[in-house]
Amino acid sequence: MAGLAAPESIVVPDKMLAGSGINVMVDEVTQVDAAQRCVQLSDGRALDYDKLFLGMGAQSVIPPIEGIELNGVLALRGLDDAEKIRAYIAEKDPRHLLFVGAGFISLEVATLLASSGNGQRPVTIVELMDRPLPLMLDGEMAASVGEYLEEKGLTVLTGEKVSRIVGSGGQVTRVELASGKSIEADMVFVNVGVRPNTELAESAGLEMGRFGIKVNSYQETSDPHILAGGDCVEKINFVTSKPEGDACGDRRSCRGAWRPNAWPATISSFPVCSTPAGARCSTWWSPPRASPKPTPRPRESRRSARWWTPAASMP
């Protein structure tokens, strides 16, 4: 969105995959036949499999708010969405930006657009809960984030609910809150969560969890020949050992648990390669050794917190 990288530079090139012995096929899978162990493609072809990995991702949740269909109401989930947002900004040059939801993606995009506008674009963030990043941080840590955002010139309204989006001639012009406040806005960014894409898995008869496809610690589903990973599966929190969905776009630091993006791919390779159950991998991911990012001690005041360095490696 900032124009710092070309679209093709942020995806894995097909040539790189092909060079690793991977056959790349650009098509849509319309059905998974678990009994016959084959997938149907949109062009009519059928592909047999011994092991199948489902990585279908997730889609943005679009809340049923009046006016959500107006031009200028946008969401971000993938590269196509980012290009639409960039094109809208270039064409309309919006001057009043409003973000619905104070999650990770919202705050990242809000700070980016605020800095690129050199203070000429007022940015307002509306959050239903009582703090920014409510699924990631407790009240004390979220307060520090709120202070940082305000220092950057962003306005954060917590405990506020959007009642409707108002427009003129099909173009968004303002947002009305349940509290009675009315905020001018010619661009509205909606990010209130994601919904896992589980339709193929459900039609294949796989067991579902509350937050997505149910998998074990090796990313295996209820079908021994099908694995799944990424945003479409239910995660197990490393701290609480309870199931949960993704709390943010970057799985490396949700709710205090390290979630490396490469982790599902690493552990799911065990059953694919016929590794005996319970075997350990010699390539466990660990935080960077050279200069790990400092982390505040828990339960200390944000104003007097000392900084400590996490262990250089994980078992």
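One of the facing pairs puts Arg174 opposite Glu184 in S12. All of this comes from a predicted model. S11 and S12 belong to an open sheet of three strands, ordered S10-S11-S12 and paired antiparallel. Strand S10 (162-168) and strand S12 (182-184) sit at the edges, each pairing on one side only. On average, neighbouring strands of this sheet are turned by 30° against each other, ignoring direction.

As a bit of background, strands of a sheet pair through backbone hydrogen bonds, and the pairing can be either parallel or antiparallel. The parallel kind turns up around strand S13. Strand S6 (residues 73-74) runs parallel to S13, with two bridges joining them. Here Val73 has Val188 of S13 as its bridge partner. Strand S7 (residues 97-100) also runs parallel to S13, this time through four bridges. In that pairing, Phe99 stands opposite Phe189.

What about the faces of S13 (residues 187-190)? Both are covered. Met187 and Phe189 are buried on one side, while Val188 and Val190 are buried on the other. So the bridge partners Val188 and Phe189 point to opposite sides of the strand, and both are buried because their relative accessible area is under 20%.

Then there are the cysteines. Cys38 is buried, with a relative accessible area of 8%. Cys232 is buried too, at 0%. As for disulfides, the structure holds zero of them.

Note on methods
Residues numbered from 1 in each chain as written. Predicted model: local features only at pLDDT ≥ 70, side-chain atom pairs only at ≥ 80, totals over all residues. Heavy atoms only, no water. Disulfide = S-S within 2.5 Å. Buried < 20%, exposed > 50% of the residue type's maximum accessible area, 1.4 Å probe, protein only. Pairing = 2+ DSSP bridges. Axes fitted to C-alpha atoms, helices over the stretch in contact; angles between N-to-C directions.
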